[in-house]
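This report goes through a structure one topic at a time. Please keep the sequence and the 3D view at hand while reading.

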Amino acid sequence: MLGRLNHIAIAVKDIKSASYTYREILGAKVSEPSDQIEHGVTVVFIELPNTKIELITPLGENSPISNFFIKNKNGGIHHICYEVKNIETAIINLTKKKYKLIGDNNPKIGAHGKPVIFLYPSDFYGTLIELQEE
Ligand code: CO
């Protein structure tokens with residue numbers, strides 16, 4: 001079912017400072033910050049030759065990533081995103097095997113304009129997993 005690694009998301013407190021570090025210190029190709037109001041995050045995309053990194057920081061008062069900073073004061077790896085050919089097929093496969101999706105059972109449109117779902121870290125060895133349609 002799994003395809004390529006689409007991105008790794010890193011939660012950061014200060015997205016300007018993190019962007020600077022990736023651009024100026026690590027020499028990566030870093031986008032301007034983009035507010036994703038419907039997801040409650042501001043995102044910076046970092047393009048690497050073989051994958052992407054997303055720096056994410058809370059946007060607004062009820063950001064779904066705010067709680068992450070309670071356990072991870074300085075931020076850290078928040079989730080990894082794998083590609084799947086067909087998101088509906090992935091949902092059917094997983095729910096048949098009794099895995100639950102975070103939120104309702106419908107895919108949302110993610111930061112890349114493609115349908116995504118999130119799976120519980122407790123089911124996948126402590127890692128929050130995002131599946132994104134190719
Ligand atoms: Co993501």
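H79 is buried, at a relative accessible area of 5%; buried means under 20%, exposed over 50% and partly exposed in between, with a 1.4 Å probe and protein chains only. H7 also counts as buried, at 1% relative accessibility. The model is predicted: local features need pLDDT of at least 70, side-chain atom pairs count only at pLDDT 80 or more, and totals for chains, interfaces and linings use all residues. Residues are numbered from 1 along each chain as its sequence is written, and side-chain values use heavy atoms, with hydrogens and water left out.

Strands (E, at least two residues) and helices (H or I, at least four) are DSSP runs, numbered from the N terminus.

## Aromatic pairs

Two aromatic pairs are found in a search of the whole structure. One of them joins F68 and F69 edge-to-face, with 6.1 Å centre to centre and 90° between the planes. Rings of Phe, Tyr and Trp (its six-membered ring) pair if their centres lie within 6.5 Å; planes under 30 degrees apart count as stacked, over 60 as edge-to-face and the rest as tilted. F68 is buried at 18% relative accessibility, and F69 is buried at 14%.

## Positive phi in two loops

Most residues other than glycine have a negative phi. K98 has a positive phi, near 75°. This residue sits in the loop between α3 (87–96) and β7 (108–109) and is exposed, with a relative accessible area of 71%.

Y125 also has a positive phi, near 60°. Its place is the loop between β8 (115–119) and β9 (129–133). Is Y125 buried or exposed? Y125 is exposed, at a relative accessible area of 79%.

## A residue in helix α1

I25 lies in helix α1 (residues 15–25). At 58% relative accessibility, I25 counts as exposed.
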